[in-house]
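Dear colleague,

Please find below the sequence and structure that I am handing over to you.

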Amino acid sequence: MSLNADLLGIFAEREQYFLIMSLLLLIGPAFAFHAFWPQIGFGQRLLTFAVLVAALGTLLFARSHYPADVTALHLTAFFTMSGAVAVLLLILWVAYENIHGLLWLNTQADAPSGRFGLLPFLLTSLLYLGTCFLYYWNNGELLILPGWHLDPLVLLVPAVAIGWLGLRRRATTYAEWVPYWPGMSYLYFTLVLLTATVLGYAFATANDPLLTAARDVIALAFLTIGSSFLLYVLVNFGPLLQQKLPVYRVIYEPRRFPFFAMYLLGLAALGAVELRNNFFIVDQARAAYFNNLGDLTRLQSELAPEQEGLALLAERYYAESDAIDFHNHKASLGRAALYRFRLQRQNEINILRRALGRRPSEKISLRLAALYNQPADFFDRLAALREG
């Protein structure tokens, strides 16, 4: 529903016929499988929906009023907010998994002599949580080694892997709502795939508001929910850890501090910090959304240069993103591309110089230096390269 495919003019731009048809074609068979044919296996269901989605996609691209690249960019632009929600859900789901992995490393050996016990687990967990805290405290900058800064997106990779490996054991916490097989296993894989798609597209288009929001949420969620999980482990299994028992086997069988209370505590802490920050991550997601809309409209303006209103609309989208997430590089580069297309050299120089005020960028510095191509610009060009 969030893709706004009807705006592509499949049937009529002002009517939601394509949306209604999509809902009927997808929800109808889903209800039929659930209510009337529950005996049909997963493979047949997957094939059915693959055919339906392929048919809808073929119809959408065949009848769209725009070229295929504009149509694809339309879908990705309007998917931004839904994709951000998918990324957030995955981050919240795996927020404590790295500490869970540390617990497994400390207690997985067959012989008690090979297990490390309570103190090593506590020290490694505090080191990990301290790293997340320092990253957030330093506004997203943490030097680990010379030339190597911490990127919280790296922490997401082992968390997702540990979450997948422990998904069956975690079934005791969600089995009342969704079975592990074939429910949660496929749901988890789908969520990971959506997250990888959204973040991959953000990297490909250098949409820094979305990437910055993802990094901040990862650091903060891993800190708050991870701290809550550490408290959960110590309260429920501290004596067992001191005895060097394989605690990881019973981690989802608490006796004192319930698992969902642990999650509520971590989410409350996360919500309190975001409330203190006026939920700026939502503004960053909106800025990323306007950047993608700007890309879409800019492409349409370049394909139809006689429609001057499209270029003005694209610039307005980028300006809205710039106002929400001040001087973000994606919006600045989008506006610079518009100025370059319209041969407005000085405007392009101004917007690139302003973008460097947010943070350094080797690409912007090189582009700015390349714009100083007049004989009188020699020293400006040298200064731009030196600053870069």
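In the protein chain, residues 24 or more positions apart account for 65% of the contacts that have a separation of 6 or more. Please note that this is a predicted model. The chain contains 17 helices and two strands, and its C-alpha trace spans about 75 × 65 × 35 Å along the principal axes. Of its 388 residues, 43% count as buried.

In soluble globular proteins, nonpolar side chains tend to be buried together. The largest nonpolar core here has 59 residues, and Phe222, Tyr232 and Ile251 are those with the most contacts inside it. Helix H10, which covers residues 208-242, gives the most to this core, namely 16 residues. Another core, of 12 residues, lies apart from it; among its members are Ile351, Ala355, Ala369 and Tyr372.

Leaving aside neighbours within four places in sequence, tyrosine 232 is in contact with Phe237, Ile251, Tyr252, Glu253, Pro254, Phe257, Pro258, Phe259 and Met262. Tyrosine 232 also belongs to one aromatic cluster, together with Tyr96, Trp177, Phe229, Phe237, Tyr252, Phe257, Phe259, Phe260 and Tyr263.

Next, the aromatic pairs. The whole structure holds 23 of them. In one, tyrosine 232 and phenylalanine 257 are tilted, at 6.2 Å centre to centre and with 55 degrees between the planes. This pair links distant parts of the chain, 25 residues apart: tyrosine 232 is in helix H10, whereas phenylalanine 257 is in the loop between H10 and helix H11 (259-276). Phenylalanine 257 has a relative accessibility of 17% and therefore counts as buried, the limit being under 20%.

Phenylalanine 378 and phenylalanine 379 form another pair; their ring centres are 5.3 Å apart and their planes stand at 80 degrees, so the pair is edge-to-face. Phenylalanine 378 counts as partly exposed at 49% relative accessibility, while phenylalanine 379, at 65%, is exposed.

As to helix packing, two packed helices are described by the angle between their axes and the distance between the axes. Helix H5 (residues 97-107) and helix H7 (residues 152-165) have axes that come within 8 Å and cross at roughly 65 degrees. The crossing of H5 with H7 is left-handed. On the H5 side, the contact is made by Glu97, Asn98, His100 and Gly101; on the H7 side, by Leu155, Pro158, Ala159, Ile162 and Gly163. Four of these contact residues are nonpolar, four are polar and one is charged.

Leucine 24 is placed in helix H1 (residues 17-35) and, at 62% relative accessibility, counts as exposed. The C-alpha atoms of leucine 24 and proline 158 are separated by 39 Å, and the two residues are 134 residues apart along the chain.

Is glutamine 284 buried or exposed? Glutamine 284 counts as buried, at 2% relative accessibility. Its place is in helix H12 (residues 280-303). Not counting residues up to four places away in sequence, glutamine 284 touches Pro209, Leu210, Thr212, Ala213, Asp216 and Asp325.

With kind regards

Technical notes. Residues are numbered from 1 along each chain as its sequence is written. This is a predicted model: local features need pLDDT of at least 70, side-chain atom pairs count only at pLDDT 80 or more; totals for chains, interfaces and linings use all residues. Side-chain values use heavy atoms; hydrogens and water are left out. Axes are lines fitted to C-alpha atoms, for helices over the stretch in contact, and angles run from 0 to 180 degrees between N-to-C directions. Helices (H or I, at least four residues) and strands (E, at least two) are DSSP runs, numbered from the N terminus. A crossing is left-handed if the near helix is turned anticlockwise from the far one by less than a right angle, and right-handed if clockwise. Contact means heavy atoms within 4.5 Å. Ala, Val, Leu, Ile, Met, Phe, Trp, Tyr, Cys and Pro count as nonpolar, Asp, Glu, Lys and Arg as charged, and the others, Gly among them, as polar. A nonpolar core is a set of buried Ala, Val, Leu, Ile, Met, Phe, Trp, Tyr and Cys residues joined through side-chain atoms within 4.5 Å. Buried means under 20% relative accessible area, exposed over 50%, partly exposed in between (1.4 Å probe, protein chains only). Rings of Phe, Tyr and Trp (its six-membered ring) pair if their centres lie within 6.5 Å; planes under 30 degrees apart count as stacked, over 60 as edge-to-face and the rest as tilted.
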